[in-house]
Amino acid sequence: MSKIDSTDPAPALFEARHKVFPKAVDGTYRRLKWAVMIVALGIYYATPWIRWDRGTYAPDQAVLVDIAHRRFYMFSIEIWPHEFYYVAGLLIMAGIGLFLVTSAVGRAWCGYACHQTVWTDLFVHVERFIDGDRNAQIKLQRAPWGPGKLARRVLKHAIWLTISILTGGAWIFYFADAPGLLRDLLHGSAPVVAYATIGVLTATTYIFGGLLREQVCIYMCPWPRIQTAMTDEKSLIVTYKHWRGEPRTHGLKKASEEAAPGSEAKFGDCIDCLQCVQVCPTDIDIRQGPQIGCITCALCIDACDRVMGQIGRPRGLIDYATEIDCELEMRGEQPVPVIKRLLRPRTLIYFGLWCAIGLAMLFALGTRTRVDIAANADRNPVFVRLSDGSIRNAYLVKLRNMQSRPRTMTITLEGLPGGAMWQESETRAQAARSLRLDVPADQVLKERIYVVAPAQGPAREDFVFAVQAGDSAKEKAQDDESFVRPEVGQ
Amino acid sequence: MADKKRIDEVTGVSTAGHEWDGIEELDNPMPRWWLWAFYASIAWGVVYVVLFPAWPLVHGATQGVLGWSSHGQFEKELAADQLKKAPIRAAIDRTPIEQIPDNPALFEAAVEGGRSAFKVHCVQCHGSGAAGGKGYPNLNDDDWLWGGNIAEIHYTIAHGVRNPDHDKTRLSQMPAFGRDGILQPEEVSDVVSYVRLISKQEQASPSAQRGAKIFADNCAVCHGTRGEGNRQFGAPKLSDAIWLYGGDRDALTASVTNARYGVMPAWGARLDPVTIKMLATYVHALGGGEALPDKATARPAAAGKATQDVKD
């Protein structure tokens, strides 16, 4: 191997990770992050425990993904597998929502709401609680191993692991009755898949939140790439206003000298205190401009604002701003107010699309019926000639009762003159134009039904199986079917 | 090309020594994890070869020390399946055929078991949908030669039809009226006209009028005075729309002239009693099954006896 010349500017192909010790900071955006974290974690942990009375025949958990019975419950909404397009619609809304947010306020998802960010933030706080703030952490990192360091490390990882187990543990409650599952978990009698899921999610939470952290955002996650492609010059991003900050002075003392009356103001507002770098959870220097490592958590804004306050300069040296406004400001012109920047065709179109899909889904939810019929004609044989010459076809009829109470339903033949039908358990003597069937709550009733009609008629005659739930005129459905006769001459 | 090997300046790694249009390949070492996975799979392969059948030889192959074979596994799974089905089969064995439809669990198992047995033993003649064909009855319809209640169907399956080796078989024989010279060709033609009249395929005619008399003298004893058939002899109903060999003039003329002699094996001699019951239940449930003459006084004794006979 040859020695690489140290003056060679060729970039390294691999960058070893150096641990980040973000410094604690307080300010507007830090408080916003606290609020988002509390709300997000609150929703995540509490949702499975909300009860929702659905009567005798359905679970009383407000949000439940019942994979075993193929039902999805969300408060008053119950979704069957064939209605999965509602979930697809939600995913599309989430996608367009991300477009909307990103085009308006950049990577706000990354900075505030992403689970990677939320849990990493939580883990960082635990670390601070045990080890102290940035400087203490660095000191401890460099310190040789001893009882004190060992104790702190064990405690920190124990708390991380506890959080991880609780995170994985909360996930499984969305898929089964939460109180019952918790009881089984503690008794060791829960399904293996429950323990396996907790194990996997514990591992991912611990590794991603505790060990990998910003590397997930920088190297593993595709969103940063997609989101940076979706921002434009009118999106709000976290920006260092270099025309205001440069050239930098160094240190507070020099800054106050510069600001003193009588001195020539040849320096910018940045005093190179590195607070913006030290608070950054991904260890970037925002003063180098927008970059892939910036998750727009805005903690550097909080840090810089505090320093600007201390040295008596206006806040916002680092601030949320659009590229186009930065240029205006640089030229000394007045930037456009944020609210006006947000209301532009691109964001309005996204918002319109988002609302349209939401409204369409709400409309579909409001008008959907909770009864359905699907018939499957026997294919072997397609028809049977009976001794009186009439023709019989058989159908496997499926009746869906999608309400959580038993219902009586009436199936009626529409079309097919002279036709009559009977259930498999009856005989032809009971044949009629309509049948009443009791369908159990929240279930599909499968019933083989014979339909008989005179031999005279088209080889394939269309008719309709119509179903009507006994208790509501609106609850009806139909299935188009055909009745098959032998071809003439057969 | 080894002479072209050189140390790449940027990475400090040797090149592989070949170059295409200026593009060279770095001779990086294998990733460690990949190498270990490779060694592990070699070790796995060695263990596998020892444990399981692996090397093909001239006759057969190495057996492996575990003694595993796919055929052996199949046998084991089959045995496990039979063990699982044993209780329900025993229950079906205990239950008289007439009472099987009254017990939903037994009925469901019997229909499913009958469905698979039918696919093996019956589809060759009756078709995969049991719709039959010329000479082979459609089992879906409501017309039965020898009776359509579950006990009669069970008896027919167990003892067969016109089975020469079985003395309880369904047996009857129609004379070959034309071939044996009992009726002259014109008389056969007349009786065919009459049969087509009572089955509403032809209008009244002098020929049919003559045929009525011939029918009354020769046919009515089995087929009934109005062609209503007689299940005791397996004599088909002639006034309905269902024809085993066809209802057109040619087919009817052939039937009267040469007679027909449809046969079916006595399945009781080939299959176990439980499978026979399952087949009967399945066929009865195809849509044309009839109720027992008087359900309250069903004849479990008779059916039990039939099963007993089959076992002998």
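In this predicted model, the largest nonpolar core holds 34 residues. Val238(A), Cys276(A), Leu299(A), Cys300(A), Ala303(A), Cys304(A) and Ile318(A) touch the most other members. Five elements of chain A each supply at least two residues of this core: helix 2 (85–105), helix 3 (108–113), strand 4 (237–240), helix 14 (299–310) and strand 5 (318–321). Helix 14 of chain A gives the most, with 6 residues. The surroundings of Ile318(A) illustrate the packing. Leaving aside residues up to four places away in sequence, Ile318(A) touches Val238(A), Tyr240(A), Cys276(A), Ile286(A), Cys300(A), Ile301(A) and Cys304(A).

Elsewhere in chain A, Ala453(A) belongs to strand 12 (residues 443–453). Ala453(A) counts as buried because 22 other C-beta atoms lie within 10 Å, and the cut-off for a buried residue is 20 or more. Its contacts, not counting residues up to four places away in sequence, are Ser390(A), Ile391(A), Leu416(A), Gly418(A), Gly419(A) and Phe483(A). Ala453(A) and Trp243(A) are separated by 210 residues in sequence. In space, their C-alpha atoms are 88 Å apart.

The contact between the chains draws 16 residues from chain A and 19 residues from chain B. On the side of chain A that touches chain B, strand 7 (384–385) and strand 8 (391–401) each supply at least two residues. By residue class, this side of chain A comprises 9 nonpolar, 4 polar and 3 charged residues. For the complex, the predictor gives an ipTM of 0.80 and a pTM of 0.75.

Chain B contains a hairpin of strand 1 and strand 2, with 2 residues between the strands. Strand 1 (residues 15–20) and strand 2 (residues 23–26) of chain B run antiparallel and are joined by 3 bridges. Thr15(B) stands opposite Leu26(B) of strand 2. Within the hairpin, Asp21(B) takes a positive phi near 45°.

The entry places a "transmembrane region" at residues 33–55 of chain B. In the model, this span is 83% helix and 0% strand. The C-alpha atoms at its ends lie 30 Å apart. UniProt also lists "domain: Cytochrome c" for residues 109–199 and 206–287 of chain B. Residues 109–199 of chain B are 45% helix and 0% strand, with end C-alpha atoms 40 Å apart. Residues 206–287 of chain B are 48% helix and 0% strand, and there the end C-alpha atoms lie 40 Å apart.

The chain averages a pLDDT of 90, and 93% of the residues score at least 70. Among the elements of chain B, helix 10 (residues 273–284) has the highest mean pLDDT, 97. Helix 11 (residues 300–311) of chain B has the lowest, 41. The pLDDT is below 50 over residues 296–312 of chain B. Beyond near neighbours in sequence, this stretch has 22 contacts in the model. Where pLDDT is low, predicted coordinates should not be read in detail.

Technical notes: Residues numbered from 1 in each chain as written. Chains lettered and ligands numbered in written order. Predicted model: local features only at pLDDT ≥ 70, side-chain atom pairs only at ≥ 80, totals over all residues. Pairing = 2+ DSSP bridges. Helix = DSSP H or I, 4+ residues; strand = E, 2+ residues; numbered from the N terminus. Contact = placed C-beta atoms within 7 Å. Nonpolar A, V, L, I, M, F, W, Y, C, P; charged D, E, K, R; others polar. UniProt positions renumbered as here; feature names shortened; annotations may be inferred. Core = buried A, V, L, I, M, F, W, Y, C linked by C-beta atoms within 7 Å. Buried ≥ 20, exposed ≤ 12 C-beta atoms within 10 Å, placed from the backbone. pLDDT = per-residue confidence, 0-100.
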